[in-house]
Amino acid sequence: MIATPTYFYRTIMSVTTLSSPSSRHDHVKLAIQSQPLLGAKQPLLLEVANSSELVTVIRDICSQWSVSNPEQYALKYAEPAAAGHATVKFGYITESNRQHLKNGDILTVAKLPALAAEDVCIKIVAEGEERKTAIAQLVDLSRDYVFALEFISQTGVPKLMTIVELSQLSSEPDVQMLTSLLEAFQELMQHNVVSWEALTENFVKKLINFIDRSNQPEYFQASIVSMCLEILQSIIGNSPKFYKLVSGEISIAAVVPFLDKQDTNVKCSTLAFINAMISKADAKEKVIRNVHQLGKAMRDSILSKFPSGAVPRDIAQELYIYQCHLMNQYESRMNQKFVAGDAHMEEDLHHLPARAFQDEYVNKSKVVVSDEHWRQLGFLKWNDPRQQFMETPPGMLALDCMLHLAKHKHDTFAQFIFAHTENQCPFADASIALTKVLCQIFRVGEPPIERAHEFIPVVVIHDEPLKEIFCVTIQLLFKTWREMRASVLDLEKVMVVVTKQILTVLQFGTVLSSTDTLKLKLFEVTYKKIVEVEENNQLLDESVLKSKPVQELSEAIRPEIIELVKQERLRHLVEGATFPKIGRRGRDQLFCCRLSPNYKMLHFGDITGEQVPPLEALDKKIPVSEMKLEVGAACPHADKKRAGGNQNIFSIFYDENEHLDFVAPNETVFNIWVDGFSVLVNRKMTSKSAEEDIEMLLNMDLKIQLLDLDNILIPTHPPTIPPEPSNYDFFYKLE
């Protein structure tokens with residue numbers, strides 16, 4: 001008998017659901033197909049009452065198919081599980097999860113989870129093709145929580161560890177089988193049923209051995225290395241006991257060569273492993289500085305392999321996390337105050353005048369620095385410069401940056417000190433202020449934002465990125481100082497302009513591939529350009545804005561402006577965007593979401609690339625009238641590992657308990673989509689960006705409408721109405 005195609009079920013069920021008057025919330029219409037173990041059976045179309053027990057439904061199905069022992073079977077979704085596909089329903093149907101069933105779902109009759117787990121446990125320790133087939137099936141089955149519980153209860157995880165401990169990479173089939181074993185193991189552990197402390201030492205050592213041997217070209221297998229590093233990364237984050245074993249046996253330097261491999265998964269797993277090692281280390285800055293080849297590896301093995309802006313999303317995210325670790329290595333120095341009498345700090349401080357005035361300090365180990373030299377170096381408190389390193393941030397980090405410039409860019413350093421110009425910029429004061437600004441811009445001391453992937457190449461390719469950026473931006477500061485013709489009292493104003501210049505250039509992101517490129521882009525953003533931007537964006541004169549007539553005009557046109565911003569947000573939703581999935585594993589797993597042009601249906605579906613597909617290519621729909629928006633901690637995925645720490649999360653609830661979960665890549669996308677969904681569900685747009693857009697458009701509209709009143713005084717109050725005449729007995733007679 002020929003099996004009915006899947007799309008036929010979809011068509012029949014959708015038509016029946018729409019046309020039949022019996023379509024109610026207390027029933028669900030399902031398609032049931034058989035598996036080969038039951039033989040060729042006619043597919044069934046059933047209408048199942050939500051109140052009926054599943055055992056009764058299965059008994060009725062087995063009765064229609066003349067299948068004995070119905071107690072040995074269960075219902076499960078026909079579509080297999082897929083790594084990272086959070087929007088695809090898969091696995092066994094139980095009384096606790098049956099509420100997710102929808103009209104048109106295609107189910108199949110399969111062995112009970114307990115029997116299926118028992119069968120797999122027997123076959124994976126057998127020999128021959130049966131074993132390989134069982135291990136391959138285990139990868140998909142392990143993603144189902146119901147099956148995983150049964151498999152774990154039958155000591156399935158220890159069996160997997162034993163097989164891995166005895167594995168040898170002697171042939172290609174062995175490699176494929178071991179890859180599947182490791183993948184199934186990782187899937188089972190992601191259910192958080194088995195503690196990572198319950199692993200065996202031999203199993204962990206075997207993974208370490210695979211990594212050690214893989215450094216030899218003849219033993220390298222991309223799939224094995226990727227899975228081993230992924231499991232070891234989980235061990236580092238979840239097992240204090242085995243973290244010591246892993247960190248003692250595998251150094252960061254040992255895995256750096258894997259970054260040069262062609263396989264994208266290997267690159268990503270290696271970066272994730274490096275980030276995990278740095279994150280877990282007690283002295284993060286020491287770990288980073290001990291691996292001097294990391295910056296070169298990032299440049300030669302990662303960034304040079306991908307065109308500008310084409311770094312895969314998962315790798316970009318790991319590079320961003322690595323960038324945060326690099327910047328956070330300065331946290332301790334940023335929060336360290338100068339301790340008078342500390343030998344090392346005193347020595348560092350005296351290195352500054354020693355490098356500036358080399359002829360006067362040569363061959364003199366102990367000498368008192370004159371007040372004139374401290375004044376010439378630009379210290380406001382020249383009588384006791386130590387006081388200027390008491391504020392945190394930037395603390396001692398400012399002195400470190402100045403010494404880095406004096407040591408590695410001595411000509412530039414000397415030029416700043418000995419430039420005989422009127423109103424010379426104070427080098428020390430400016431350096432301290434600039435270091436504080438850089439700490440704020442690069443979020444020194446703050447944890448990485450999950451799912452963010454806006455890394456800056458010039459940061460990740462240097463082992464001392466903040467100091468290198470300081471050497472470039474201090475040149476910008478002196479240039480802007482001259483352009484503004486500033487004096488010592490204007491330092492704060494200069495820093496405001498310099499901050500805007502730096503932030504403007506950092507928007508180029510992946511284009512900033514070197515310090516030379518960074519300097520070129522910074523110098524293009526002159527003080528004149530900043531002033532022009534400020535003039536274009538500045539608001540009307542405060543006295544005019546606060547006048548009663550303008551306020552009344554503003555309130556009159558505000559509803560129109562708000563409606564304009566709403567339409568702009570909805571236009572973004574119609575154009576659509578791609579979002580990462582909230583899954584346990586997977587690389588670059590995405591789904592796309594678009595709003596229909598009539599604003600009535602929300603379309604979404606799985607995609608393979610990052611391009612937004614046509615609307616008709618997205619096979620899933622949500623009626624806007626059924627949508628409910630939740631943001632932040634109220635979202636179902638707020639506590640998941642992959643979304644932890646990210647505030648840019650929101651969910652759409654529909655069809656009672658169904659939900660579509662979003663993780664926005666940045667705050668801009670988050671604000672646009674949350675505002676758009678808020679408009680659809682008749683809620684107020686609450687984002688800061690919506691408020692800014694409304695105010696910007698409102699002020700632009702006010703400027704345009706008030707152009708004709710330039711240089712005309714607008715009264716703060718309406719003209720006084722003259723008193724009525726004593727009588728109305730007057731007229732004008734035409735002669």
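These exercises, each with a worked solution, concern a predicted model.

Local features need pLDDT of at least 70 and side-chain atom pairs count only at pLDDT 80 or more, while totals for chains, interfaces and linings use all residues. Residues are numbered from 1 along each chain as its sequence is written, and side-chain values use heavy atoms, with hydrogens and water left out.

**Exercise 1.** State how many helices and strands the protein has, and what share of its residues is buried.

Solution. Helices (H or I, at least four residues) and strands (E, at least two) are DSSP runs, numbered from the N terminus. The protein has 31 helices and eleven strands. Buried means under 20% relative accessible area (1.4 Å probe, protein chains only). Of the 735 residues, 47% are buried.

**Exercise 2.** Compare the span of helix α25 with the expected one, and list its buried residues.

Solution. The expected span is 1.5 Å times one less than the number of residues. Helix α25 covers residues 491-506, 16 residues in total. From first C-alpha to last it reaches 22 Å, close to the expected 22 Å. The buried residues in α25 are Leu491, Val494, Met495, Val497, Val498, Gln501, Ile502, Val505 and Leu506.

**Exercise 3.** Describe how helix α22 packs against α25.

Solution. Axes are lines fitted to C-alpha atoms, for helices over the stretch in contact, and angles run from 0 to 180 degrees between N-to-C directions. For α22 (residues 427-441) and α25, the axes are 11 Å apart and the angle is about 40°. α22 is therefore oblique to α25 (under 35 degrees is roughly parallel, over 145 roughly antiparallel, 65 to 115 roughly perpendicular, the rest oblique). Next come the contacts, meaning heavy atoms within 4.5 Å. Among the residues of α22 that meet α25 are Asp429, Leu434 and Ile441; those on the α25 side include Met495, Thr499 and Leu506. By class, this contact has twelve nonpolar, one polar and one charged residues (nonpolar: Ala, Val, Leu, Ile, Met, Phe, Trp, Tyr, Cys and Pro; charged: Asp, Glu, Lys and Arg; polar: the others, Gly among them).

**Exercise 4.** Describe how α12 lies relative to α14.

Solution. The axes of α12 (residues 264-280) and α14 (residues 294-302) come within 13 Å and cross at roughly 160°. This makes α12 roughly antiparallel to α14. Lys267, Leu271 and Ile274 in α12 meet Leu294, Met298, Ser301 and Ile302 in α14.

**Exercise 5.** Is lysine 467 buried or exposed, and what does it contact?

Solution. Lysine 467 lies in helix α24 (residues 465-484). Its relative accessible area is 13%, so lysine 467 is buried. Leaving aside neighbours within four places in sequence, lysine 467 is in contact with Tyr330, Asp400, Cys401 and His404.

Technical notes
Buried < 20%, exposed > 50% of the residue type's maximum accessible area, 1.4 Å probe, protein only.
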